[in-house]
Amino acid sequence: MNESVTITDNRTGRSVDIPIVDGGVDSAAWRKLLGNVWFHDPGLATTAATSSSVAEIDGDAGILRYRGYPIEQLAEHSTFPEVAYLLVYGELPSEAQLDEWVYEITRHTFIHENFRRRIFDAFHYDAHPMGLLMSGVAGLSTFYPEAKDIFDPDNRRAQIVRLIAKMPTLAASAYRFSKGLPFMFPDNADDYPTRFLKMMFDVGGDYEPDPALVQAMRILFILHADHGQNCSTTATRVVGSSHADPYTAIAAGCAALYGPLHGGANEAVVNMLSEIGSYDEVDSFIAGVKRGEYRLMGFGHRVYKNYDPRAMLIKTAAHDVFNVIGKNPLLDIALKLEEVALADEYFVSRRLYPNVDFYSGLIYQALGFPTNMFTVLFAIGRTPGWLAHWNEMVEQDSRIYRPRQIYKGAPKRDYIPMAER
Ligand code: SDX
């Protein structure tokens, strides 16, 4: 089969054959043939903004692999620091490499105490933790000015380690600030999820999270670790493409993740389930969705036109958590919503399935996190993915992102003095 496309400019009759390589066609031939004719692609739904080796997603088959490894296997066998290493460096670490990586991360969990105490004091007590996290990450860039030297690989590693290490400390501090609780220092004798849960919930020094809860956090962090060129990773790449430092680029990732159409969806799902209120109200809610009055949050995906494999794994993890701490009453409403939607032509015809956010919030809520912390948890998990893409982009020495536009505004016109308006 001729793996190519032919584009013909009917104004001139000139054509060009463009080979289809790795599922894409190169825009250079388009530019050569069509000069100032731009490919109009709102939301970049049809555009590959880059090539990447970090994550592979097959939306039709419902497949997600990190550097070739199926997430089902990583969720079962791996740890979050090991997955973070895999995403950033492309290979599973040897035992020595993992020990060194975990040691480095563990040694960088602290945040300058002046900064941690003072930055949050600038906010109201009830400020949304995502606003605190985003501000904290951006502020950290001022503590590590050397991070601007992005083409030094050792320097990139140092900043990558710091960000993976400090996100949980920042996140837990944002929560403690909102509750008026004293900040907890990270206990470096603990593993990553345990250390985070203790910084979040320990009050008297005697808190030991149930192993099933630690297991759930491990799985949730791993499943959120990367997802290709999603909105927040694209934001990280866009900001990083200007050669800004990694803290600034990751703060941009946090900003994009905050939106309810993206990482804010897990919070929106639980708010939606609470508003539905009861199993019996599900059918009338679905009717409202079909009338276009609101969206079924936690459903649908730009890439997955099948069941999001992460949603399946999170649904299983939810049952394990509920077996330990009791079932979240909202689960029955969620299960009914899924059952009704998956049997309804409106959702089937639009290939809308549960995504990663549909069940994750139920676990977070059962673990004791307030809904406004859910997106913060997503950000902790996604940080290695953002950093892996930032690192890949720097190594690729990618061009600065600067798309074109189709101008639809006013033609040239002269200034009108106020007296004549
Ligand atoms: C994440 O990209 C990633 O990889 C993201 C993510 C990651 O790991 O980084 O997977 C994480 O962000 C998951 C998505 C979380 N968001 C939500 O759950 C919010 C609800 N879902 C949507 O708003 C929507 O599905 C998006 C934003 C996820 C995808 O939007 P698209 O691809 O732009 O799809 P669309 O808005 O063009 O919708 C296509 C059709 C429309 O109907 P018509 O206009 O053709 O009649 O499907 C409808 C939409 O109205 N539709 C929905 C719907 N999602 C799409 N209708 C009801 N409920 C929904 N949730």
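A residue is taken to be near a molecule or strand if one of its heavy atoms lies within 4 Å of it. For classes, Ala, Val, Leu, Ile, Met, Phe, Trp, Tyr, Cys and Pro count as nonpolar, Asp, Glu, Lys and Arg as charged, and the others, Gly among them, as polar. The model is predicted, so local features need pLDDT of at least 70 and side-chain atom pairs count only at pLDDT 80 or more, while totals for chains, interfaces and linings use all residues. Residues are numbered from 1 along each chain as its sequence is written, and side-chain values use heavy atoms, with hydrogens and water left out.

The shell around the ligand divides into 9 nonpolar, 7 polar and 6 charged residues. Of the 22 residues in question, His-227, Arg-295, His-301, Arg-302 and Arg-310 come nearest. Polar contacts (pairs of N or O atoms within 3.5 Å; within protein, one must be able to donate a hydrogen and the other to accept it, and residues adjacent in sequence count only if both atoms are side-chain atoms) were then listed. An N or O atom in the side chain of His-301 is 2.6 Å from an oxygen atom of the ligand. For Arg-302, a polar side-chain atom lies 2.7 Å from a ligand oxygen, and for Asn-355 the value is 2.9 Å. Taken alone, the ligand exposes 1100 Å², of which the protein buries 74%. These accessible areas come from the Shrake-Rupley method with a 1.4 Å probe; for residues, only the protein chains shown count as cover.

Empty space was examined next. Rolling a probe the size of a water molecule over the atoms shows where empty space is left. On a 1 Å grid over the protein atoms alone, a cavity is a set of points where a 1.4 Å probe fits but cannot get out, and a pocket is an open set with protein on both sides within 12 Å along at least five of seven lines; lining residues have an atom within 4 Å of a point. Grid points are joined across faces, edges and corners, and a volume is the space filled by probe spheres set on the points. The count comes to 1 cavity of 30 Å³ or more. The largest cavity holds about 40 Å³, and its lining has 3 nonpolar, 4 polar and 1 charged residues. Phe-151, His-243 and Asp-397 are among the lining residues.

The second largest pocket holds about 200 Å³. Its lining consists of 15 residues, with Thr-79, Pro-81, Asp-191, Tyr-192 and Pro-193 nearest the centre. Helices (H or I, at least four residues) and strands (E, at least two) are DSSP runs, numbered from the N terminus. The largest share of this lining, 4 residues, comes from α4.

Two strands pair if DSSP finds at least two bridges between them. Strands β1 (residues 4–9) and β2 (residues 14–19) pair in the antiparallel sense over 6 bridges. These two strands form a hairpin with 4 residues between them, and Gly-13 in the turn has a positive phi of about 80 degrees. An open antiparallel sheet of 3 strands has the order β3-β4-β5, with β3 (55–58) and β5 (69–70) as edge strands, each pairing on one side only. β3 pairs with β4 (residues 63–66) over 4 bridges.
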